Amino acid sequence: MTQSDPINTDSPVHEHFELSYASYKVLPRTVLQSMPVWWQRAFVDLMDLLDEAGTDLPATDYFVQAGDWKSPDAMAPDRLRRLGYRWGPGKTVLYAADGHDLDPSRTCAFDPRPDPLPHYQRGRTRVPLREIQRPAWLPAQPEAE
C-alpha cells in the first residue's frame with residue numbers, strides 16, 4: 001500500500017511536520033471558516049484534489065479529542081485512575097486500561113480536555129484571526145469575494 005519515491009527528496013509536507021511523529025494534521029473547522037473567502041476557496045480546491053487522488057485508499061472514521069500528553073508522575077493519582085491507568089507496587093510500573101504494563105519514565109498519558117475552540121454552529125461561528133495577505137502565486141478568483 002505504501003509508496004516511496006527515493007528520487008524525490010523535496011517534501012514540503014514532511015518538512016511542515018518537522019521532527020514530530022504525527023501521522024495526521026487536525027484542522028479545526030471553526031478556524032477554517034474564519035479564514036478569508038479567497039483562502040477558503042483555495043483550500044477547498046486543494047482538498048477536492050486530495051479527495052480525488054485518494055479515491056482508491058481505504059476509508060475509515062476518526063475521532064478527534066482535545067487534550068494533553070502528560071507524564072504520569074505529573075498527573076494526580078485520581079485523574080490517572082479515571083483515565084483507566086493504575087500504578088503497580090512502588091510506582092515502578094504503570095498499567096494501562098487494557099492491562100498492559102508501561103514504563104512510567106518513558107510513557108505519556110493522554111489527558112482529555114474540552115475543545116478550547118467554539119463549535120462551528122452550522123458555519124456561523126468565527127474566531128478572531130490575524131489578517132493575512134493573498135500570496136502572489138495564488139491567482140485571484142474572477143468572482144466577487
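Reply: Buried residues account for 15% of the 145 residues in the protein; buried means under 20% relative accessible area, exposed means over 50%, and partly exposed lies in between, with a 1.4 Å probe and protein chains only. The model is predicted: local features need pLDDT of at least 70 and side-chain atom pairs count only at pLDDT 80 or more, while totals for chains, interfaces and linings use all residues. Residues are numbered from 1 along each chain as its sequence is written, and side-chain values use heavy atoms, with hydrogens and water left out.

The protein contains 4 helices and 5 strands, taken as DSSP runs (H or I of at least four residues for helices, E of at least two for strands) and numbered from the N terminus. Their order along the sequence is α-α-α-β-α-β-β-β-β. Along its principal axes, the C-alpha trace spans about 70 × 45 × 25 Å.

We now turn to the rings. A pair of aromatic rings is described by the distance of the centres and the angle of the planes. Rings of Phe, Tyr and Trp (its six-membered ring) pair if their centres lie within 6.5 Å; planes under 30 degrees apart count as stacked, over 60 as edge-to-face, and the rest as tilted. By this rule, the protein has 3 aromatic pairs. One of them joins Trp39 and Phe43, a stacked pair with 5.1 Å from centre to centre and 10° between the planes. Both residues belong to helix α3 (residues 37-53), where a separation of 4 residues is about one turn of the helix. Trp39 itself is partly exposed, at a relative accessible area of 23%.

Another pair is formed by Trp69 and Phe110, whose ring centres are 5.0 Å apart; the planes stand at 55°, so this pair is tilted. Trp69 is in strand β1 (residues 67-70) and Phe110 in strand β5 (residues 109-112), so the pair ties together parts that are 41 residues apart in sequence. Are these two residues buried or exposed? Trp69 counts as exposed, because its relative accessibility is 58%. Phe110, at a relative accessible area of 21%, is partly exposed.

Gly90 sits in the loop between β2 (86-87) and β3 (94-95) and is exposed, with a relative accessible area of 69%. Gly90 and Arg124 are 34 residues apart in sequence, and their C-alpha atoms lie 52 Å apart in space.
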